[in-house]
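Visitor: I would like to learn how to read a couple of features in this model. Could you walk me through them?

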Amino acid sequence: QVQLVESGGGLVQAGGSLRLSCAASGRTFSRYAMGWFRQAPGKEHEFVAAVSGPGLTTRYADSAKGRFTISRDNAKNTVYLQMNSLKPEDTAVYYCVQGSTLSWNGGVAYWGKGTLVTVSS
């Protein structure tokens, strides 16, 4: 049974930073791409960033480019999302996801329960 447990969310002022973490268990972590999605109030889920199994390839939504950095530590079965220069429009529940292949192809096999990020103006 795959489990993805997010942490690191909270309240931050605009311009501030947060680092989200996601601890994974249940499958060989390094064999699967990992990613982050978010869902703002009243909106659909939105892709934020993804990283390949080995951690060599990353992808970002346009809204995240230049401000967010995704990384992973395969020894710790953990993926991170460093978020800088946060804006009120980044307010959302952030979900950790595990892909179905080594490279990110957009397919999500598992979802975490999410962690709330609130950015005040």
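Guide: Gladly! Let us begin with a definition: a disulfide is counted when a pair of cysteine sulfur atoms lies within 2.5 Å. Please keep in mind that this is a predicted model.

Visitor: How many disulfides does the structure hold?

Guide: The general idea is that a disulfide covalently bonds the sulfur atoms of two cysteines. Here there is one disulfide. Cys22 and Cys96 form it, with their sulfur atoms 2.1 Å apart. Cys22 belongs to strand β3 and Cys96 to strand β9 (residues 92-99), so the pair ties together parts that are 74 residues apart in sequence.

Visitor: What is the handedness of the disulfide?

Guide: The torsion about the S-S bond of Cys22 and Cys96 is about -80°, so this disulfide is left-handed.

Visitor: Is Cys22 buried or exposed?

Guide: Buried means under 20% relative accessible area. Cys22 has a relative accessible area of 0%, so Cys22 is buried. Cys96 also counts as buried, at 0% relative accessibility.

Visitor: Now for the sheet. In what order do the four strands come?

Guide: In general, strands of a sheet pair through backbone hydrogen bonds, either parallel or antiparallel. In this model, four strands make an open sheet with antiparallel pairing, in the order β1-β3-β8-β7. β1 (3-7) and β7 (68-73) stand at the edges with a single partner strand each, so one side of each has no neighbour in the sheet. From one strand to the next, the twist averages 15°.

Visitor: How many bridges join β1 to β3?

Guide: Five bridges join β1 to strand β3 (residues 18-25), and the two run antiparallel.

Definitions and conventions
Residues numbered from 1 in each chain as written. Predicted model: local features only at pLDDT ≥ 70, side-chain atom pairs only at ≥ 80, totals over all residues. Heavy atoms only, no water. Pairing = 2+ DSSP bridges. Axes fitted to C-alpha atoms, helices over the stretch in contact; angles between N-to-C directions. Buried < 20%, exposed > 50% of the residue type's maximum accessible area, 1.4 Å probe, protein only.
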